[in-house]
Amino acid sequence: MKQFIAFIQKEFHHIFRDTWTMIILLVLPVLMLILFGYALSTEVKNVRVSIYDPSRDSMTEEIVRKLESSEYFTISGILDSPLEIEKEFQSDNSALVVVFSEDFSSTTLRGGAQIQLIADGSDPNTAVTMTNYATAIISGLLQEKTAAPPGRISHQINIITKLIYNPEMKSAYNFVPGVMGMVIMLICAMMTSISIAREKESGTMEILLVSPMKPLLIILSKAVPYFFLSCINLLTIILFAVFLLKVPIAGSIPALLTVSLIYIFVSLSIGLLISSVATSQVMALLLSGMALMMPAMYLSGMMFPIENMPLALQWVAQIIPAKWYIVAAKNIMIKGLGFSSIVRELAVLSLMALVLITVSLKRFKLRLE
Amino acid sequence: MLKYLIEKEFKQMKRNSFLPRMIIGFPLMVLLFLPLAANFEVKNINLEIIDHDHSLLSGKLIQKITASGYFILSDLTESYDDAMKSIELDRSDALLIIPSGFETRLLKENVADLNISANAVNGTKGALGTSYLSAIIRDFNTELSQASKGPDLFLPSPVEIIPRYRFNPYLRYPVFMVPALMVMLLTMICGFLPALNIVGEKEKGTLEQINVTPVGRFILILSKLIPYWIIGFVVLTLCFGIARVFYSLTPEGSLATIYLFASIFILGISGFGLVISNYGKTLQQAMFMMFFFIITFIFLSGLYTPVSSMEQWAQYFSLFVPLRYMIEVLRQVYLKGSHFSDLLVQLAALSGFALFFNAWAILSYRKSE
């Protein structure tokens, strides 16, 4: 035990000696959280719209004014001919072109009036959302204009809408748990994988392994300081999320801490596994940085809904630890639930930790012989 | 002199068993799998309906909703608590509550209420789900009003609002993602590898041997730059092939334009990598720095979420992100067929980055110390 503690101390010295790396390790996660918490948003606003309006009557002008006054749209140009539409898109001047039919207001009474919303469909999400908004604004205005004369009764269904968990629809509520999952995993895995690969590359690992310490303890002693650093990272991330990004922890804090600690453990074991495979630092870095970052970003449900993916990828997503952590973090932080809601996530993550650590330790022993 | 140095770089790369495989394998992996996962579309909304009314009308409404294609009826229940439970467990995304007496009130008093509750942790999904549902209900209401008035009563014919989606009429997500992912690949390969290059040689001690030769720092940086430039072209060409074969995507605009912009972009991002490599003391430091910048670049570039939806300060920030311009170029040329003259701003920005970073890389390289 004494030896073990001495080894851990040695590892701590390694980290503290390199001030720059330490600063990077501690500041990086916070910077990333702030950046993404503020910058990421799938909301659609400030869409640049241009108008082609051959009739230019009071009705079309009112529609244009109504679009302009909404927060979603800014009018970027008035076109003189439909031939200019293509050019508008190619120069990226507008993302939406509203085309009115001729003699608009007189044809609205007779029937046959038409408004085309030509959207730049290259971004499907934005395209659908902006045509939806524009349709809602325009049809709302038209309904006012062409309302049934008073006296005639029609049915009316009042729709009362409640947005639960996130009534203000803040993007941060969705992204912050995701960013936490990604940041913790990447930092932890990268830290451990590199530090062991470095000892291997410089040959010092051999020296460690011939010492009277058991290989298991040597490896663990390397993981302990990083576990400690990761816990500090976790705390700063949570503090910044709550106090700066105003993302609440509505549920049980002990539950959040428990699942986070297990998740850190899983991430550290992934680092161990990578370093047991990698023969050089560069390879360890590329494996942990790239091969891990991609799935963590794409398949964890952080950015893209898993239920939209093809079935095969949905299966792959199930083995991504970040996926389980993000679900658990959302349940606790945003939905305000407790331990009982994350039993499955806890079980899956614990199992992953167990498997990963066993496999990576087995591989280390093999290399010894 | 330069020729031999470049030859040396390629030899070093070839001797590393991992790098050449990564240069081919990574683009394949990214372009084959990620576009399938990257889908923001809001579909398959699981709707739970609590029908307290059990009337002919409520039945008709439910039928209309399920026939719309947007919603999957996850459950029909009587109890609000059960329904909330199913939202907590993510089995349902939204609830529709039909109060008892819905039919009688609507037919007798012409007014009735419906309640919608939506899980808004993911704000976009919550908002779009409720807006789809409201639209269906409004439709239902109009049909009902018209039916009750009899066919002879003529309502003013509504203005036809037609959405059209240019460049991507079927709103396929890969069309949007693939060109941008090409830029991400170029960044990862032509940015990360140079960032590890000089530090790597520093750590190994091989840089010392070059430093004692009369090779100037300009030539040295150039010899580091050119191999990545060539690799970039290989990767890009490979990407075009994959896009062609697997997504039937061919550029609308000219390939020459893309290659021209790519050549400037690669110089810029490799230069940036070399700057980091010059300042890094260890591989670990360089990797973490590069990792931080690249993730930031990726998120602020508009690859996932539109730049125009970001906070104002993030939009200013994104002006300094080279990826942003290159992604604009690729999406514009690939999807919309934009011409060189539409992209002068991007040309100026990318050239600026390339000059700035490479000048910095040359100046910050120290042969002594």
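The legends below describe close-up views of a predicted model.

**View 1. A five-stranded open sheet built from chains A and B.** The strands follow the order β5(A)-β4(B)-β3(B)-β1(B)-β2(B), and their pairing is mixed. β5 (156–164) of chain A and β2 (71–77) of chain B stand at the edges with a single partner strand each, so one side of each has no neighbour in the sheet. On average, neighbouring strands are turned by 25° against each other, direction ignored. Within this sheet, β3 (residues 94–98) and β4 (residues 111–119) of chain B pair in the antiparallel sense over 4 bridges. Ala94(B) stands opposite Ala118(B) of β4(B).

**View 2. Two helices of chain B lying across the sheet.** Helix α3 (residues 56–67) of chain B lies across β1 (45–51), β2, β3 and β4 of chain B, and runs at about 150° to β2(B). Helix α4 (residues 80–88) of chain B lies across β1, β2, β3 and β4 of chain B together with β5 of chain A. The direction of α4 is at about 165° to β3(B).

**View 3. Glu48(B) belongs to strand β1 of chain B. This residue is buried yet has no salt bridge. Its nearest side chain of opposite charge is that of Arg91(B), 7.2 Å away. Strand β4 of chain A between partners from both chains.** In strand β4 (residues 114–120) of chain A, 6 of the 7 residues are buried, so the strand is largely enclosed by the rest of the structure. Strand β3 (residues 96–100) of chain A runs antiparallel to β4(A) and is joined to it by 5 bridges. Here Val97(A) stands opposite Ile118(A). Strand β5 (residues 160–166) of chain B pairs with β4(A) in the parallel sense over 7 bridges. The bridge partner of Ile115(A) in β5(B) is Ile161(B).

**View 4. A salt bridge between the chains.** The side chains of Asp120(A) and Lys336(B) meet in a salt bridge of 2.7 Å, N to O. The pair crosses from strand β4 of chain A to helix α13 of chain B. Asp120(A) counts as buried at 9% relative accessibility, and Lys336(B) is buried with a relative accessible area of 6%. Over all chains, the whole structure holds 21 salt bridges.

**View 5. Salt bridges within a chain.** Lys11(B) and Glu7(B) form a salt bridge of 3.4 Å, N to O. Both lie in helix α1 (residues 2–15) of chain B, 4 residues apart, which is about one turn of the helix. Lys11(B) is partly exposed at 46% relative accessibility, as is Glu7(B) at 39%. Glu109(B) and Arg105(B) also meet in a salt bridge, at 3.4 Å, N to O. In chain A, Lys10(A), Glu11(A), Glu199(A) and Lys222(A) are linked in a network of salt bridges.

**View 6. Helix α14 of chain B and what covers it.** Helix α14 (residues 344–364) of chain B has 21 residues and reaches 30 Å from its first C-alpha to its last, close to the 30 Å expected. Its buried residues include Leu347(B), Leu350(B), Phe353(B), Phe357(B) and Ile362(B). Among the elements covering the buried residues are α9 (217–247), α10 (255–279) and α13 (322–336) of chain B. Helix α9(B) has 31 residues and reaches 44 Å, close to the 45 Å expected. Just after α9(B), Ser248(B) takes a positive phi of about 45°.

Technical notes:
Residues numbered from 1 in each chain as written. Chains lettered and ligands numbered in written order. Predicted model: local features only at pLDDT ≥ 70, side-chain atom pairs only at ≥ 80, totals over all residues. Heavy atoms only, no water. Expected span 1.5 Å × (residues − 1). Buried < 20%, exposed > 50% of the residue type's maximum accessible area, 1.4 Å probe, protein only. Contact = heavy atoms within 4.5 Å. Pairing = 2+ DSSP bridges. Axes fitted to C-alpha atoms, helices over the stretch in contact; angles between N-to-C directions. Lys, Arg positive; Asp, Glu negative; His and termini not counted. Salt bridge = Lys/Arg side-chain N within 4 Å of Asp/Glu carboxyl O.
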